[in-house]
Amino acid sequence: MRMSTFRNLSAIPTSFGWLLRHRVMVLALALLWGILMVIAPLAQLRAGLPEHLLYTAVVNLIFTLPAEFYLLPMLLAYLDARYNHHPANLLQDWRHTFESRWLKAAVARAVLYIAVSAGLAFFIVPGLLIILLLGWMPYYALLRGGSVTHAGRWSVQVMAREWRRVLLAALPIFAIYLALLFGVDRAAAHWGPEPSLYFRFRHPVFWLVYVVSAVINIWSGMAFLALFHDVENELMLKAQDPDQRRK
């Protein structure tokens, strides 16, 4: 069965449905994510680091690692077990399965981030090619197991064959994600283009901005999870990867 355009785009309403259905979990994760983002400017000030974009980005990354590399993947693993019923991630064992895989998935995500960043530094195009071919690597490592190398091979094999149809959904997801973040940034710009670290730490508006931004990041993870399900199911993963046959 070939994946239709409509089937690709169904990942978007599916992800918004998950967001509303599991709003308590999403809000709890977003609040924690926001708290980490509030603490980050204070830590940067206490450490005596300059108010420079690079330093701020690194500090923010360090403080949000627990949310982005552990708690968000945990939520995605639960959603996968609940809604996709794949034998590699059964609902009754999802927590144990997640604990056995999250570190490997985190390594896969870190490898992807580093490779994409390096590729973007070289005239942008190599970075875009890397994320296009290896974008599914962290999802596969988290949800289906196997080594990081195996997850990378799976991603490359799928995208080499089906990149056009996947992009039909991935590009609208990116567009919605960027539009939402742009709206949040415009709202925060009312307090100046470059508010100080102390101002961002103490002002309630920025607390709200951090929480809303976290919700947007959580939604994007859900949207790509829904697309991952479509890719996996419609392209007959069983034929491509005999080790992960469905029962």
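Which element gives the largest share of the lining of the second largest pocket? In this predicted model, local features require pLDDT of at least 70 and side-chain atom pairs pLDDT 80 or more, whereas totals for chains, interfaces and linings use all residues. Residues are numbered from 1 along each chain as its sequence is written, and side-chain values use heavy atoms, with hydrogens and water left out.

The largest share, 4 residues, comes from α4 (helices are DSSP runs of H or I with at least four residues, numbered from the N terminus). Both α3 (23-46) and α4 supply at least two lining residues. The lining consists of Met25, Leu29, Leu32, Leu71, Met74, Leu75, Tyr78 and Trp94; a pocket is an open set of points on a 1 Å grid over the protein atoms alone, where a 1.4 Å probe fits, with protein on both sides within 12 Å along at least five of seven lines, and lining residues have an atom within 4 Å of a point. The pocket holds about 150 Å³ of space, a volume being the space filled by probe spheres set on the points.

After α4 comes His85, with a positive phi near 55°.
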